[in-house]
Amino acid sequence: MKIFVFTIFIVCLFTIISPVEIFADTVLDVYMNDFYSKSNEASQILKEIEISLKEGSRKKVCSRQREAARLGLLANKSLIKAFKIEGVNPPMEAIMASQQRWESILNEC
């Protein structure tokens with residue numbers, strides 16, 4: 001019985017003291033998460049603007065459009081950085097088309 005209690009004590013002590021490995025995000029994951037979160041937030045803002053315009057409200061439309069455009073542009077930068085970290089050539093045509101779309105939204109108000 002004493003050996004059993006001693007063994008359990010040692011096992012518990014070992015699990016408490018032993019270092020736990022933390023699986024941190026890689027730099028690539030950080031940029032990809034940043035891209036997804038900012039692009040989703042920008043799209044959500046644009047959807048909210050569309051809904052408010054359909055309801056007849058033009059309250060703060062330009063400022064919210066500019067905010068969405070800034071987020072979209074920052075998302076594109078994060079995506080380009082993620083591709084560079086991965087060592088892969090980014091699809092520049094698609095990224096530039098997205099860039100131009102966000103810039104036009106930013107400049108139209």
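Me: Does Ala 75 count as buried or exposed, and at what relative accessibility?
Reply: This is a predicted model, in which local features need pLDDT of at least 70 and side-chain atom pairs pLDDT 80 or more, whereas totals use all residues. Residues are numbered from 1 along each chain, and side-chain values use heavy atoms, without hydrogens or water. Buried means under 20% relative accessible area, exposed over 50% and partly exposed in between, for a 1.4 Å probe and protein chains only. Ala 75 therefore counts as buried, at a relative accessibility of 1%.

Me: Which residues is Ala 75 in contact with, leaving aside its neighbours within four places in sequence?
Reply: Ala 75 is found in helix H3, and a contact here is a pair of heavy atoms within 4.5 Å. Once the neighbours within four places in sequence are set aside, the residues in contact with Ala 75 are Phe 35, Lys 38 and Ser 39.

Me: Is Ser 78 buried or exposed, and with what relative accessible area?
Reply: Ser 78, which also has its place in helix H3, is in contact with Tyr 31, Asp 34 and Phe 35 when its neighbours within four places in sequence are left aside. Its state is buried, with a relative accessible area of 5%.

Me: At roughly what angle do the axes of helix H2 and helix H3 cross?
Reply: An axis is a line fitted to C-alpha atoms, for helices over the stretch in contact, and the angle runs from 0 to 180 degrees between N-to-C directions. H2 covers residues 27-54 and H3 residues 61-86, and their axes come within 8 Å. H2 is roughly antiparallel to H3 (an angle over 145 degrees), because their axes cross at roughly 160°.

Me: Which residues of H4 make the contact with H3?
Reply: H3 and helix H4, the latter spanning residues 92-108, pack at an angle of about 160° with their axes 8 Å apart, and they are therefore roughly antiparallel to each other. On the H3 side, the contact includes Gln 65, Arg 66, Leu 73, Asn 76 and Ile 80. On the H4 side, the contact is made by Ile 95, Ser 98, Gln 99, Trp 102, Glu 103, Ile 105 and Leu 106.

Me: What phi does Lys 60 have, although it is not a glycine?
Reply: Lys 60 has its place in the loop between H2 and H3, and at 57% relative accessibility it counts as exposed. Although Lys 60 is not a glycine, its phi is positive, at about 55°.

Me: How many helices and strands does the chain have?
Reply: Helices (H or I, at least four residues) and strands (E, at least two) are DSSP runs, numbered from the N terminus. The pattern read along the sequence is α-α-α-α, and the chain accordingly has four helices and zero strands.

Me: What percentage of the contacts with a separation of 6 or more is accounted for by residues 24 or more positions apart?
Reply: The chain has 109 residues, and 23% of them are buried. Of the contacts in the chain with a separation of 6 or more, the part that joins residues 24 or more positions apart is 70%.

How values were computed
Angles under 35 degrees count as roughly parallel, over 145 as roughly antiparallel, 65 to 115 as roughly perpendicular and the rest as oblique.
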